[in-house]
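Dear colleague,

Please find the structure below, handed over for your reading. My notes on what was found follow directly after it.

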Amino acid sequence: MKTRKQGRDVLIFSSLLVAALLAGCQGERGAGDGRAASAQSDSGGSRNGDFGPPQGRPVDAVLTSPPQVPPPTGRKAPAKVIVKLDVVEKDLPISEGVTYTFWTFGGTVPGSFIRVRQGDTVEFHLRNLPDSKMPHNIDLHGVTGPGGGAASSFTAPGHSSRFTFKALNAGLYVYHCATAPVGMHVANGMYGLILIEPPEGMPPVDKEYYVMQGDFYTTGKYREKGHQPFDMEKAIEEHPTYVLFNGSEGALTGDKALTANVGDTVRLYVGNGGPNLVSSFHVIGEIFDKVWFEGGTRFQENVQTTLIPSGGAAIMDFRIEVPGSYVLVDHSIFRAFNKGALAILKADGNENKAIYSGKEVDYVYLGDRAQPNMKAVETAAVAAKTGELSLEEQVAAGKALFAGTCSTCHQPEGQGLAGVFPPLAKSDYIAADPKRVPNVVLHGLSGAVKVNGTDYNSVMPPMSQLTDDEVANISTYVLNSWGNPGGRVSKAEAARIRQTQVAGAPAEH
């Protein structure tokens, strides 16, 4: 029979044996999983990012405007890098016929792309142009130090500031203004990206592009024409008028779309300036081969949609397999189609039927952004402002807007869909009362109607998100196309119709 001491000795021995076995298993697992062990030891961090003093002559950083990205540094040793960035307050288009006073780094939204190497010593010069109305500074998320540089860079109009930091951590980092009220400065476009390359550089690709999302708050509604001031109440309540890529609706569509060829590897450096919204970034028709999530050193593979927090970033790689238009969106999808968060990557090259059979129908996804450009809308807005809007200008603007708003159901030539949507072309329903067009656009239509001798019973939802001038232009285009009776609808008429109540408006959808 065991004594109490013998039992205790057995328990101690058993515990030691289990610990030894666990240690052995962990050792074998660590030895067999070289990737995990390597990732752990190579994870970097500020303690591992100091590669000593700069070597050679100082280097002037190459800064690029979006969507372009500076070339790789190509250096094998740390350098002293001089970054010179100007703060510019300027009026720029935020949509066709709509302007906004942006506060910018480098004259663009987002600001200039900065590219350095881990271990570099960065001498940062911030200049606030004399005609600025506000003081500004810069907080770079890639800086180790109080305020990310904000405390050292407060710069009044007509002044410049300088500070120095060592780029200790590799990754893709947001920078932004941090002058009070911080949210207002960020909401006015004061953000950008700085890439701190790992010592070995980024893996080579064929194309690199710079895309940054931001949410904007204007006193007027979405696409309301003219100059639009900032709305602090909307910003505080987090109700943006626009959610945009690269600072304006259409910044990366039409003749400004990103480009690539079949077979290219593409890398997107994507940031989210906020100030409020999280982005659900997605490319329609592509799967990201790799995503360096949160802009860090680890990547995930085979990703459909990636979250990018406000004040965060991500890097994503993919290969173009078939030609066509690839649509970049925030997959909080109303932001894409009703607030502007939409861009296009146009890929050229030979089709590959084994991968994808074809049949592109761009306008279903792209809306009016499928058009080469929206110049007609901007021209009409300018003419309306001066009181010189011609019928031809109104029709041209309406045609561009119809392509994105109405053509999916009513078809590009107004022919409708048999048994589903009545035709707009040579419509006796329209001819009987041309004012039915703006009425139905604004209030919708539900229930049975007879058009050109055929019965239809479907639902047209009210398009109340359209501005008065958009309703007027689309209606005028329909009235003057496809054998319809002609006529004209003004912005003032559209506004009056908006205020009326119409029987038969759809209660369902």
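The count of salt bridges comes to 17, a salt bridge being a side-chain nitrogen of Lys or Arg within 4 Å of a carboxyl oxygen of Asp or Glu. This is a predicted model, in which local features need pLDDT of at least 70 and side-chain atom pairs count only at pLDDT 80 or more, while totals for chains, interfaces and linings use all residues. Residues are numbered from 1 along each chain as its sequence is written, and side-chain values use heavy atoms, with hydrogens and water left out.

One of the salt bridges joins the side chains of Asp86 and Arg127, at 2.7 Å from N to O. Asp86 belongs to strand β2 and Arg127 to strand β5 (residues 121-128), so this pair ties together parts that are 41 residues apart in sequence. Helices (H or I, at least four residues) and strands (E, at least two) are DSSP runs, numbered from the N terminus. Asp86 is partly exposed, with a relative accessible area of 25%, and Arg127 is partly exposed as well, at 44%. In these notes, buried means under 20% relative accessible area, exposed means over 50%, and partly exposed is in between (1.4 Å probe, protein chains only).

A salt bridge is also formed by the side chains of Glu208 and Arg267, at 3.3 Å from N to O. This pair links distant parts of the chain, with Glu208 in strand β10 (residues 207-216) and Arg267 in strand β14 (residues 265-274), 59 residues apart. Glu208 is buried, with a relative accessible area of 18%, and Arg267 counts as buried at 1% relative accessibility. Both residues take part in a network of salt bridges that links Arg115, Glu197, Glu208, Arg267 and Asp317.

A further salt bridge connects Arg223 with Glu470, where the closest N and O atoms are 3.7 Å apart. Arg223 is in the loop between β10 and β11 (226-227) and Glu470 is in helix α12, so the pair ties together parts that are 247 residues apart in sequence. Arg223 counts as buried at 8% relative accessibility, and Glu470 counts as buried at 2%.

Two packed helices are described by the angle between their axes and the distance between the axes. Axes are lines fitted to C-alpha atoms, for helices over the stretch in contact, and angles run from 0 to 180 degrees between N-to-C directions. The axes of helix α11 (residues 436-443) and helix α12 (residues 468-479) come within 9 Å and cross at roughly 135 degrees. That makes α11 oblique to α12; angles under 35 degrees count as roughly parallel, over 145 as roughly antiparallel, 65 to 115 as roughly perpendicular and the rest as oblique. The crossing of α11 and α12 is right-handed. A crossing is left-handed if the near helix is turned anticlockwise from the far one by less than a right angle, and right-handed if clockwise.

Helix α7 (residues 375-386) packs against helix α8 (residues 391-405) at an angle of about 140 degrees, with the axes 8 Å apart. That makes α7 oblique to α8. In this pair, α7 passes α8 in a left-handed crossing.

Several backbone features deserve a note. The peptide bond from Ala180 to Pro181 is cis, with omega near -10 degrees, and Pro181 is in the loop between β8 (171-176) and α3 (182-187). The peptide bond from Gly274 to Pro275 is likewise cis, with omega near 20 degrees; Pro275 is placed in the loop between β14 and β15 (279-284).

Asn246, a residue other than glycine, has a positive phi near 55 degrees. Asn246 is in the loop between β12 (242-245) and β13 (258-261) and is buried, with a relative accessible area of 7%. Trp482, also a residue other than glycine, has a positive phi near 60 degrees. Trp482 is in the loop between α12 and α13 (491-499) and counts as buried at 16% relative accessibility.

Finally, Pro93 is found in strand β2 (residues 80-95) and is partly exposed, with a relative accessible area of 45%. The C-alpha atoms of Pro93 and His227 are separated by 8.9 Å, although the two residues are 134 residues apart along the chain.

With kind regards
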